[in-house]
Amino acid sequence: MRRGVLPGRFSRCYCFRHRFDGKDTTLHLLYANFLCFYCIIYKKSADTRKKRPKIGRSKIKIRTLHAKSNHNMTTRKRYEKVMEWFAANAPSAESELQYKNAFELLVAVMLSAQWTDKRVNMVTPALLTAYPTAKAMAAATKDDLLHYIRSVSYPNSKAEHLVGMAKKLVSDYGGEVPHSLDELTSLPGVGRKTANVVLAVIWSEPTMAVDTHIFRVSERIGLTTNSKNVLQTETQLTKYIPKELIPKAHHWLLLHGRYVCQARKPKCGECGIISLCRYYQTQPPQM
Ligand code: SF4
């Protein structure tokens, strides 16, 4: 054991933003709870005190105590508690993409790859007014569609895929969006994630579409362990989440990743599941 290291123990600095744990030195621990070492060095004390999380010091202390007590909870228990929290706090979570039917959602999800829902919602009204059905879109050319979707990412390949998808819908499925994973993924430009979104949102199928947010958030919270790719994440999530909750859980995790548990700097101070989160319990604080 290194000198000055107190395994399994940590305390907070005076400004209450920096946490010191077993990896810190005697000097850090000396300053903890009195004056923050990092605040002194970087002269951040006054600023950070002003920016202290809104939830207040006593609440963070309570949550930290809960976090310690939840450190060894089983995976099943963690799932139960996380799902309970989301069900109570975000009962009406839904897709932020605008659509009126399965075809419109399929188009919107295809356009949303590597792009934000907000930007997609800016181009789909005009595009879907001009081409409201698979039949109308199948009769268009790639250049016709490019005129509407030039501002999204990868416009050329997306326009090509949209025309190809619409043509296959008309030729193989009578212009209707099919209702199975295999059929959906047989369409040009439609991968497993896109198909899972359509199945879950339109038909409430228990399919989990894993995107970058869900992949990251699931691993941080502790819902998945050592997941190497989105397929492993999907398998682990669908194993534990009750079937009837899976379509909703997709939106819960996605929106949590988009607005709270952000990639570069998770907003742990504003997070409601801090006491259930494996990342918060085990990782050093964000400095
Ligand atoms: S506590 Fe922090 S890391 Fe954990 S889920 Fe919340 S924001 Fe993400």
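Of the contacts in the chain with a separation of 6 or more, 54% join residues 24 or more positions apart, two residues being in contact if their C-beta atoms, placed from the backbone, lie within 7 Å. The model is a predicted one, in which local features need pLDDT of at least 70 and side-chain atom pairs count only at pLDDT 80 or more, while totals for chains, interfaces and linings use all residues. Residues are numbered from 1 along each chain as its sequence is written. The secondary structure comes to 16 helices and two strands, where helices (H or I, at least four residues) and strands (E, at least two) are DSSP runs, numbered from the N terminus. Of the 287 residues of the chain, 33% count as buried; a residue is buried if 20 or more other C-beta atoms lie within 10 Å of its own, exposed if 12 or fewer, and partly exposed in between, with C-beta atoms placed from the backbone.

The average pLDDT of the chain is 83, and 74% of the residues score at least 70, pLDDT being the predictor's confidence in each residue, from 0 to 100. Over residues 1–9 the pLDDT stays under 50, and the model has eleven contacts beyond four places in sequence for these residues. The pLDDT is also below 50 over residues 43–53, a stretch with 14 contacts in the model beyond near neighbours in sequence.

Helix 5 (residues 75–89) has 15 residues and reaches 21 Å from its first C-alpha to its last, close to the 21 Å expected at 1.5 Å a residue, the expected span being 1.5 Å times one less than the number of residues. Within helix 5, Y79, V82 and F86 are buried. Seen down the axis of helix 5, its buried residues fall within an arc of 75 degrees, so they line one face of the helix; the arc is that of the directions from the helix axis to the C-beta atoms. The face turned away from this buried side carries the exposed residues R76, K77, E84 and A88, whereas the cover over the buried residues of helix 5 includes helix 13, helix 14 (230–240) and helix 15 (246–259).

L253 lies in helix 15 and counts as buried because it has 28 C-beta neighbours inside 10 Å. When residues up to four places away in sequence are not counted, L253 touches H213, I214, V217 and S218. L253 and M83 are 170 residues apart in sequence, yet 9.8 Å apart in space, C-alpha to C-alpha.

Around the ligand there are 13 residues, the closest being C261, P266, C268, C271 and C277; a residue is near a molecule if its C-beta atom, placed from the backbone, lies within 6 Å of it. Helix 13 (212–221) and helix 16 (278–282) each supply at least two residues of this shell. The shell residues divide into eleven nonpolar, no polar and two charged, where Ala, Val, Leu, Ile, Met, Phe, Trp, Tyr, Cys and Pro count as nonpolar, Asp, Glu, Lys and Arg as charged, and the others, Gly among them, as polar.

Most residues other than glycine have a negative phi. Q114, in the loop between helix 6 (102–111) and helix 7 (117–130), has a positive phi near 60 degrees, and Q114 counts as exposed because it has 10 C-beta neighbours inside 10 Å. Y154, in the loop between helix 9 (142–149) and helix 10 (155–173), has a positive phi near 50 degrees.
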